[in-house]
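My notes follow in the order I took them.

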Amino acid sequence: MNNKWMLGVIDATTYIEPLQPLTLHRSVAAVPFAGRYRLIDFVLSSMVHSGIESVAIFPKYQYRSLMDHLGSGKNWDLNRKRDGLFFFPSSDLSISMHHVGAFAHFEQHIDYFLRSRQKYAVICNSYTICNIDYEAVLERHIANECDITEVRYQGRSLEMFVLETSLLLDLITNHRNTGYYSIVDVVRDHRHSLKICDYEHDGYAAVIDSIENYFRHSMELLNRDVWQQLFIQSRPIYTKVKDEPPTKYTEKAVVKNSMIANGCIIEGHVENSIIFRSVKIGKGTVIKNSIIMQKSQIGEHCELDCVIVDKDAKVENNVSLRGTERVPFVIRKGTVQGELISS
């Protein structure tokens with residue numbers, strides 16, 4: 001057995017109330033991000049690039065869209081005869097997950113951990129955006145003879161942990177006796193004798209735990225330096241493949257400092273914005289500092305500033321919507337926004 005093999009564990013159980021209304025019909029892990037991705041794509045892609053061939057996803061809330069997005073794991077090369085991608089929903093919705101790495105949820109699927117051949121495990125949340133090499137984390141973990149290594153960024157925990165699979169099994173099976181609900185509880189408790197180490201991630205990282213942070217970190221992607229730290233050519237971020245035609249720009253279309261995905265029709269003015277796949281923007285419309293998600297339609301002669309338009313939504317003609325960077329105006333998935341002036 002290769003003693004550097006790792007088991008990937010993605011905890012997708014967390015419900016983050018400040019992310020509403022983006023999470024009314026989907027799990028946090030499935031929230032769209034960066035024009036064509038979902039939040040989970042980033043941690044999953046990092047695992048694959050780190051040589052992790054067995055990944056278990058533990059969802060709890062509204063996970064149908066997440067399963068539809070990931071499918072068999074083919075787009076991440078995880079549709080394998082041995083190991084691959086696994087889904088382990090919670091069979092007891094009354095269980096309180098408390099923090100990332102909930103032992104009660106893991107215990108329901110203990111056979112997965114017992115059958116694993118990997119000596120080490122990586123436990124992560126599903127809403128941290130970064131491009132990280134877990135092999136480098138593991139090398140530091142082994143060299144320093146740590147029991148648990150926690151990945152941090154600018155002093156903040158990224159809720160990513162490396163430990164031996166045997167220790168994880170002990171923590172899961174004994175959590176009722178120890179009083180530890182999750183891996184976070186273990187790391188924060190200084191009464192035990194385990195050696196807890198830190199690993200400082202030196203690339204870009206963002207924790208998407210509120211609408212304000214979702215909007216702010218999305219807008220950061222328009223900064224070339226941030227984009228280059230996150231979307232690394234040798235370590236691409238994988239996502240579900242969708243074959244769509246190139247975006248069509250009409251004669252009077254204007255686009256400045258924006259990210260435009262495939263399949264769109266742009267007839268208006270787009271500035272400092274992120275436009276997802278298959279979006280239509282009508283004539284005379286001005287969109288600034290906004291996020292327009294997949295298959296949404298923006299009518300003619302509209303003005304949108306600091307607005308998040310969720311998937312499959314429609315903004316009718318002559319609508320003016322304005323939010324702020326701290327409180328963006330959000331249009332819910334699949335809804336229609338009629339004539340309205342808001343500030």
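**Strands and a buried methionine**

I began with a bridge: Val 122 has Val 162 in E9 as its partner. I note that the model is a predicted one.

I then looked at the two strands as a pair. E6 and E9 run antiparallel and are joined by five bridges. On E6 I also looked up strand E1 (residues 6–12), which pairs with E6 in parallel over six bridges. One of the pairs I checked there is Asp 11 with Asn 125 in E6.

How many residues of strand E6 (residues 120–125) are buried? I found six of its six residues buried. On one side these are Tyr 120, Val 122 and Cys 124, and on the other Ala 121, Ile 123 and Asn 125.

Next I went to Met 160, which lies in strand E9 (residues 156–164). Is Met 160 buried or exposed? Its relative accessible area is 1%, and the cut-off for buried is under 20%, so Met 160 counts as buried. Leaving out residues up to four places away in sequence, I listed the contacts of Met 160, among them Ile 123, Cys 124, Thr 128 and Tyr 134. I also looked up Arg 322: its C-alpha atom is 36 Å from that of Met 160, and the two are 162 residues apart along the chain.

Last, I looked at an open sheet of five strands, in the order E14-E17-E20-E23-E26, with parallel pairing. Strands E14 (259–260) and E26 (329–331) are at the edges; each has a single partner strand, so one side of each has no neighbour in the sheet. Within this sheet, E20 (residues 291–292) and E23 (residues 307–309) pair over two bridges, and Ile 291 stands opposite Ile 308 in E23.

Terms used: Residues are numbered from 1 along each chain as its sequence is written. This is a predicted model: local features need pLDDT of at least 70, side-chain atom pairs count only at pLDDT 80 or more; totals for chains, interfaces and linings use all residues. Side-chain values use heavy atoms; hydrogens and water are left out. Helices (H or I, at least four residues) and strands (E, at least two) are DSSP runs, numbered from the N terminus. Buried means under 20% relative accessible area, exposed over 50%, partly exposed in between (1.4 Å probe, protein chains only). Contact means heavy atoms within 4.5 Å. Two strands pair if DSSP finds at least two bridges between them.
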